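Dear colleague,

I am handing over the structure below, and after it you will find my notes on what turned up. Please keep it open while you read, so that you can look up each residue as it is named.

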Amino acid sequence: MRQRVVIIGGGVAGLEVASSLGRRWRGKPGQPSITLVDRDSAHVWKPMLHTIAAGTRDISQQQATFIAQAHDAGFTYQPGELHGLDRNARTVELAAIHAPDGRLLVPARRLEYDLLVLAFGSQANDFGTPGVVEYCYSIDSRRQADAFNRELRLRLLQSLAQETELSIAIVGGGATGVELAAELVQLFETTAAYGVPGLASRISVTLLEGGPRLLAAFPEDISADTLARLEGLGIRVMTGTQVKAANTDGFVLGDGSQLPASLKIWAAGVRAPAIGAGLDGLETNRNNQLVVKPTLQTTRDPAIFALGDCSSLAMEPGGRPLPPTAQVAHQQARHLIRCLPRALRGEPIGDFAYRDLGALVSLGDYDAFGSLGQFGLFKGVTFRGRLAQLSHVMLYRSHQARIHGFWRGGLLWLVDRINSRVRATVRLD
């Protein structure tokens, strides 16, 4: 019988593993089968979700539909959401799928595996703050980003027709919050350039950060330059500001004052989905992340791997776990692509080696900042401007090449360039 590899999650790590190994094993007798499970129908590179939310990128052009990708790369796609795990029987339980009106479309079902890869990503951490779930948008997934964009376009139409104010507040001064704030300004300025005078002056964007500076994971000079650039764009930045609660009218701050906001986005903190803490005794940390060994195998079951944002790996005993970034997810995916065939044969596999290649943050068409990290000849060097913008673009294009292949990835880049010339640069329909 063919060995069965089941991958839960079609994000950066999961889709790269499924696509690469699917192409390698396709059409070869006796090779393992690969099944990718995801509750969504398409993949969007997570560092691009803020552009989908703002409407400065067209979601239809940036998504990879799982069914088409499975056909192209030689794996099987199953729609569904992880609901449970039986390690003794080596089965995963998928939750039932219902239509928006409540109809049962697909009943709960089980999938058998010989090797399981958990890569179900992460979500914003509300830290139990009252009102966040009820009144705030998040942009952790393609569906969430698209839902926020739909509401944003409705609010823009309302502001245009009634000449009312639109206030937007973002909690979280990490890369997601910073990049979203800049993309929103780009959206409003482009809309005004299309012949909607006065609209931008009725819209305000506020960025709140609980820590002393923006982009805490970046060097301090990048944090300072980013703050200056955002304020130059007209964004109100409030650092050292705690949020106690969210309500219909805005946010309640730590000093008891109320910050008015028509639209509220929560982009602070990172934690794995709650399902991570209930998977048949697998070890997790306080953020629901699965604790893994240096081989990326979970500490209590060598037949289960975890990678990307839903996993926790400290490269040194007692050290800080690796950050939940696309860079880490990609490097872990490349490691698993090399080692998974050996794991299926029962052979020893090597440890994962992480290289800190730095970080990038893009402020839309306005600016970009980068750090070369702690690896290479120029470690710790920071840079900005066109070079940083090009580096950010190349990261995305390399991801497309990895999941689609070099030539198809290049064609997608060409299509994007053509569309940027012949179609509206923002989504207003």
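Thr51 lies in helix 2, which runs over residues 49-54, and in this predicted model the residue has a relative accessibility of 6%, so Thr51 counts as buried, the cut-off for that word being under 20%. Leaving aside residues up to four places away in sequence, Thr51 touches Thr56, Arg57 and Glu183.

The loop between strand 3 (42-43) and helix 2 holds Trp45, and this brings me to the aromatic rings, for which the count comes to three pairs. In one of them the rings of Trp45 and Tyr396 have their centres 5.2 Å apart and their planes at 25°, and because planes under 30 degrees apart count as stacked, this pair is stacked. Tyr396 sits in helix 10 (residues 386-404), 351 residues apart from Trp45, so that the pair links distant parts of the chain. Both Trp45 and Tyr396 are buried.

Another aromatic pair is formed by Tyr137 and Phe148, and this one is edge-to-face, with 5.6 Å from centre to centre and 70° between the planes. Tyr137 belongs to the loop between helix 5 (132-135) and helix 6, while Phe148 is in helix 6, so the pair ties together parts that are 11 residues apart in sequence. Are the two partners buried or partly exposed? Tyr137, at 26% relative accessibility, counts as partly exposed, whereas Phe148, at 0%, counts as buried.

On the side of helix 6 the contact is made by Phe148, Leu152 and Leu156, and on the side of helix 7 by Leu184, Leu187 and Phe188. Sorted by class, this contact has six nonpolar residues, with no polar and no charged ones.

Finally, please look at Val106, which is found in strand 9 (residues 104-106) and is partly exposed, with a relative accessible area of 28%. When residues up to four places away in sequence are not counted, Val106 touches Ala96 and Ile97. The C-alpha atoms of Val106 and Ala228 are separated by 51 Å, and these two residues are 122 residues apart along the chain.

Technical notes:
Residues numbered from 1 in each chain as written. Predicted model: local features only at pLDDT ≥ 70, side-chain atom pairs only at ≥ 80, totals over all residues. Heavy atoms only, no water. Contact = heavy atoms within 4.5 Å. Helix = DSSP H or I, 4+ residues; strand = E, 2+ residues; numbered from the N terminus. Nonpolar A, V, L, I, M, F, W, Y, C, P; charged D, E, K, R; others polar. Buried < 20%, exposed > 50% of the residue type's maximum accessible area, 1.4 Å probe, protein only. Phe/Tyr/Trp six-rings, centres within 6.5 Å; stacked < 30°, edge-to-face > 60°.
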